[in-house]
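Here's a quick briefing on pockets, ring contacts and strand pairing. Have a look at the model first, then go through the points below.

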Amino acid sequence: MATVAEPLAAYGAMVPLAYTVARSRRENHDNWTLELEPVDAAIDPIGPGQFDMLYAFGVGEVPISNSGDPDRVPTLVHTIRAVGPVTKALCAARPGDVVGVRGPFGNQWPLHEAVGRELVLVGGGVGLPPLRPALYKALAHRDELAGLHVLYGGRTPRDLLFTRELEQWRARWDVTVGVTVDAGDADWRGNVGVVTKLIPGASFDPANSVAFVVGPEIMMRFTARALLARGLPPERIWISMERTMRCGIGLCGHCQLGPTLICRDGPIYRLDEITPLLEVPEL
């Protein structure tokens, strides 16, 4: 009698689903945005601040934050910097290619905390893509906010992302946008300096504001100090941690930061909750 295999269990958190590359757009010299459509089954809708594990078949997988409009389901949008074998393989993908997706993982930006208040988004380098979904949500519900501010910094003009959208946002009457670069070039006419230099002159009211911050860890430390100096209390500042994540579900321990696992408990943390851990050198 032939052996009948048991039916496979439902897709679990460790099994990637197949997605096809619908569109690929080069953002700058080392960043690409991929729009992915499910081949068959789709993952659950991804929220602002969450991330997926993207799998380049035959190469490996990496955690990549959502950078698109959360309301565009089931399309996934991820902006990827080509810095290693997996991200380079993903960035080289062209329409029609298939990649694997696991997720969504992590928590979301607490946009409910911004209702009735001013929302300040501060991004450094590739920190703007994880903030972009929160900005889309904020724009869709702009009447619920007292103000909306985007502060963004890059290393050089050629490193800036979403430059057309930055101009579109800047042109709106209900959004303020500040952009700076660490080092300008002969054609740059904007601000020069780190992104924290934009905070003292920004027009938000610290008594009635919340802030979301993403960027390199050192940038977030100094941004938090600048926001605190403006008068924002630490319980109204959230940062997104980007420590190395491998499994996405808290099993492997690669993203451990003291007692917390960033893929499971984060990546978004309130400043007063995460600061004690960031101040421990060996962590």
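Strand β4 (60-65) is the top contributor to the lining of the largest pocket, giving four residues. This is a predicted model, so local features need pLDDT of at least 70 and side-chain atom pairs count only at pLDDT 80 or more, while totals for chains, interfaces and linings use all residues. Residues are numbered from 1 along each chain as its sequence is written, and side-chain values use heavy atoms, leaving out hydrogens and water.

**Pockets**

- The largest pocket comes in at about 1100 Å³. A pocket here is an open set of points on a 1 Å grid over the protein atoms alone, with protein on both sides within 12 Å along at least five of seven lines; lining residues have an atom within 4 Å of a point.
- Volumes are the space filled by probe spheres set on the points, with grid points joined across faces, edges and corners.
- Its lining counts 44 residues, and R81, V126, G127, G215 and E242 are the closest to the centre.
- Elements giving two or more residues to that lining include β5 (76-81), α1 (85-91) and α2 (128-140). Helices (H or I, at least four residues) and strands (E, at least two) are DSSP runs, numbered from the N terminus.
- By class, the lining of the largest pocket splits into 21 nonpolar, 15 polar and eight charged residues. Nonpolar covers Ala, Val, Leu, Ile, Met, Phe, Trp, Tyr, Cys and Pro; charged covers Asp, Glu, Lys and Arg; the others, Gly among them, are polar.
- The second largest pocket holds about 230 Å³. Its lining has 13 residues, with R221, A224, L271, T275 and E279 the closest to its centre.
- Helix α4 gives the most to the lining of the second largest pocket, with six residues, and α6 (271-278) supplies at least two.

**Cavity**

- There is one cavity of 30 Å³ or more; a cavity is a set of grid points where a 1.4 Å probe fits but cannot get out.
- The largest cavity has a volume of about 40 Å³, and its lining includes I46, N66, D69 and R72.
- That lining has five nonpolar, three polar and two charged residues.

**Aromatic rings**

- The model has four aromatic pairs. Rings of Phe, Tyr and Trp (its six-membered ring) pair if their centres lie within 6.5 Å; planes under 30 degrees apart are stacked, over 60 edge-to-face, the rest tilted.
- W109 and F212 are stacked, at 4.8 Å centre to centre and 15° between the planes. They sit 103 residues apart, with F212 in strand β11 (residues 209-214).
- F212 and W238 have ring centres 6.0 Å apart and planes at 85°, so they count as edge-to-face. W238 is in strand β12 (residues 237-240).
- Ring pairs join W109, F212 and W238 into a cluster.
- W109 is buried at 4% relative accessible area, and F212 is buried at 0%. Buried means under 20%, exposed over 50%, partly exposed in between (1.4 Å probe, protein chains only).
- R230 lies over the face of F204, 4.3 Å from the ring centre, and the charged end of R225 sits over the ring of F222 at 4.8 Å. The test is NZ of Lys or CZ of Arg within 6 Å of the ring centre and within 35 degrees of the ring normal.

**Sheet**

- Seven strands form an open sheet with mixed pairing, in the order β10-β9-β8-β7-β11-β12-β15; two strands pair if DSSP finds at least two bridges between them.
- β8 (residues 147-154) and β9 (residues 176-181) run parallel over six bridges.
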